[in-house]
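Here is a short report on a structure with its chains described one after the other. Keep the 3D view open as you read.

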Amino acid sequence: MIRIDFSALRFLVVEDNPHMRRILRALLLGFGSREVHEAEDGAAGLDAFNKFTPDIVIVDWAMPIFDGLEFARMIRQPDTNASPFTPIIMLTGHSERKRVMDARDAGVTEIMVKPVSANALHQRIVNVIANPRRYIRTKSYFGPDRRRNTTPGYSGPERRKGGRVDLDRLHRSSADN
Amino acid sequence: MSRPRADKPSVATYADHELISPPHKLRRAMSNAVASGADDQVARAEQALARLSGEFSTWMEEEGERLDRARNAVKTAGFTTATRDVLFFAAHDIRGDAETLGYPGLAVPAESLCRLIEHTRDMRRIPMTLVDQHVDAVRAIIREGSRPDAEQTVAVLTRRLREVTDEFLARENRDRPEELEDILSPAVAPGDPSL
């Protein structure tokens, strides 16, 4: 059984509702975390992200002005952001399929449909740590591989094209670091 | 070929995409230790939440008052982008908080109000009567929802509100089949592979 040492993790919670922020903080501290930063909107969240370099971000989808999707897209900028691989867990009050797909396409790592519970949040955090996903970069997308499952019997067209060129080439943006 | 360094991403390049394996920096927080009963992280978090629970009714009353103020602002100024957004976020927060704060019956009317606001193309066509019915239902559930006989009444009331809202949205979006499909499609259930 995988066990997570929460005291080794730094969290950022970006949520406009003060009650939900208190709930999330209580849960994270209850798991054993010692470092939980908070921001009340996407813009403040981006500042906090750059200042505190969190290990995991928990962000609400619906916030005034600068919402969770925009926040996620700004984090997933490998050419301008120093931490584009940071796991993002997105909270949403709605679970329509289109919303889930929009979150996925913005580069969100995990989506958690409210209500928030200790068990659901714990599971999401354990999953992003114990089962890290590979990332995909295309002309229009950078983020976790959106193919979570392989379907052995799949017989449709392969939308990803091309052969493998160089397995061990290091990522451009970090090769010179 | 050189071995990729553990602190650098390795990249496999294809014709139209790159497949990147980031360094697993969070591995440092993993161990194989077996949790003892006294050190159950989820249980400790639930206890932390329980310690907050004495404040939940006050929080939800505040959320209900916020929704009421947002409704009154719409009545005063009409539906503008600003008044619509304030009403939407007030309803949305109630939708999100409802079950966690111990008011599961609030989730349906709050979500229904969100859908009414979000999926009506021309906000000036949103019927104020329907907004009033949603807000009044939310406030009544906050006020009376703990009564033992309230559960069935709440269920009937909120189901009917949702039906009326869906009928309205179906009419409003009858010439937008794709939007209509999104509106009326079933929600993704927890455990769905897309989540």
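## Terms and model

A crossing of two helices is left-handed if the near helix is turned anticlockwise from the far one by less than a right angle, and right-handed if clockwise. Helices (H or I, at least four residues) and strands (E, at least two) are DSSP runs, numbered from the N terminus.

This is a predicted model: local features need pLDDT of at least 70, side-chain atom pairs count only at pLDDT 80 or more, and totals for chains, interfaces and linings use all residues. Residues are numbered from 1 along each chain as its sequence is written, while chains are lettered from A and ligands numbered from 1 in the order in which they are written.

## The two chains

Chain A has six helices and nine strands. Of its 177 residues, 44% are buried. A residue is buried if 20 or more other C-beta atoms lie within 10 Å of its own, exposed if 12 or fewer, and partly exposed in between; the C-beta atoms are placed from the backbone. Two residues are in contact if their C-beta atoms, placed from the backbone, lie within 7 Å. Among contacts in chain A with a separation of 6 or more, 58% join residues 24 or more positions apart.

Chain B has seven helices and three strands. Along the sequence, the pattern is β-β-β-α-α-α-α-α-α-α. Buried residues make up 31% of the 195 residues in chain B. For chain B, residues 24 or more positions apart account for 56% of the contacts with a separation of 6 or more.

## The sheet of chain A

Five strands of chain A form an open sheet in the order 3-2-4-5-6, with parallel pairing. Two strands pair if DSSP finds at least two bridges between them. Strand 3 (35–39) and strand 6 (110–113) of chain A stand at the edges with a single partner strand each, so one side of each has no neighbour in the sheet. From one strand to the next, the twist averages 20 degrees. Axes are lines fitted to C-alpha atoms, for helices over the stretch in contact, and angles run from 0 to 180 degrees between N-to-C directions.

Strand 2 (residues 10–14) of chain A pairs with strand 3 in the parallel sense over five bridges. Here Leu12(A) has His37(A) as its bridge partner. Ile89(A) stands opposite Glu110(A) of strand 6.

In a regular strand the side chains alternate between the two faces of the sheet. Strand 6 of chain A is covered on both faces. Glu110(A) and Met112(A) are buried on one side, Ile111(A) and Val113(A) on the other. Helix 1 (residues 18–31) of chain A lies across strand 2, strand 3 and strand 4 (56–60), at about 170 degrees to strand 3.

## A buried leucine

Which helix holds Leu121(A)? Leu121(A) sits in helix 5 (residues 118–130) of chain A. Leu121(A) counts as buried because 23 C-beta neighbours lie inside 10 Å. Leaving aside neighbours within four places in sequence, Leu121(A) is in contact with Leu27(A), Met112(A) and Val116(A). Leu121(A) and Leu27(A) are 94 residues apart in sequence, yet 8.3 Å apart in space, C-alpha to C-alpha.

## Where the chains meet

Helix 1 (residues 41–52) of chain B packs against helix 5 of chain A at an angle of about 135 degrees, with the axes 9 Å apart. This makes the two helices oblique; angles under 35 degrees count as roughly parallel, over 145 as roughly antiparallel, 65 to 115 as roughly perpendicular and the rest as oblique. The crossing of these helices is right-handed. Ala118(A), Asn119(A) and His122(A) of helix 5 meet residues of helix 1 of chain B, including Val42(B) and Leu49(B).

Helix 1 of chain A also meets helix 1 of chain B. Their axes come within 7 Å and cross at roughly 145 degrees. This crossing, too, is right-handed.

## Two helices of chain B

Helix 2 (residues 56–77) and helix 3 (residues 81–97) of chain B pack at about 160 degrees, with axes 9 Å apart. That angle is why helix 2 is roughly antiparallel to helix 3. Their crossing is left-handed.
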